[in-house]
Amino acid sequence: MSDLASLRAYLLSKPGAFEDFPFGPETLVLKVGSKLFAAVGLDVTPTTITLKCDPLQADQLREAYTAIGLPSYFDKRHWVQVQLDRSVPEETLHALIDDSYALVVKGLTKAVRRELGLL
């Protein structure tokens with residue numbers, strides 16, 4: 001992503017997505033339903049984004065990209081942290097965001113998915 005504004009726009013383009021700051025002003029949290037699918041560290045350079053990820057894919061991504069590592073405050077098997085230093089291709093970052101969103105939506109109840117228009 002070229003800048004924080006375009007990253008936010010992409011995250012918020014997901015159906016039912018909204019932003020929150022439950023951890024304070026330094027962490028932008030994106031949720032669908034009541035569940036977090038992305039956390040953007042605003043107080044670090046480079047900016048980071050933490051995303052839910054399939055455990056096998058997470059291991060492969062950590063091996064393939066030095067900018068993808070273990071998150072500090074999330075389950076390290078199911079989440080990755082990406083440094084937004086432009087070393088991860090934008091298409092890959094979009095795919096990671098899409099996958100994180102899909103994994104979280106899949107875990108929502110059918111009633112919540114229906115309420116959000118995701119069924």
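Strands, here, are DSSP runs of type E with at least two residues, numbered from the N terminus. The model is predicted. In this model, S2 and S3 form a hairpin with two residues between them. Gly 33 lies in that turn and has a positive phi of about 65°. S3 covers residues 35-41. The pairing of S2 with S3 is antiparallel and runs over six bridges. Within this pairing, Thr 27 has Gly 41 of S3 as its bridge partner.

S2 also pairs with S1, which spans residues 17-20. The sense is again antiparallel, with four bridges. Glu 19 is bridged to Leu 30 of S2. The hairpin of S1 and S2 has six residues between the strands. There, Gly 24 adopts a positive phi near 110°.

S2 itself comprises residues 27-32 and is mostly covered. Six of its six residues are buried. Side chains were then sorted by direction. Thr 27, Val 29 and Lys 31 point one way from the strand. Leu 28, Leu 30 and Val 32 point the other way. Residues of both sets are buried.

Beyond its neighbours within four places in sequence, Thr 27 is in contact with Asp 20, Phe 21, Ala 39 and Val 40. Asp 20 falls within the residue range of S1.

Definitions and conventions
Residues numbered from 1 in each chain as written. Predicted model: local features only at pLDDT ≥ 70, side-chain atom pairs only at ≥ 80, totals over all residues. Heavy atoms only, no water. Buried < 20%, exposed > 50% of the residue type's maximum accessible area, 1.4 Å probe, protein only. Pairing = 2+ DSSP bridges. Contact = heavy atoms within 4.5 Å.
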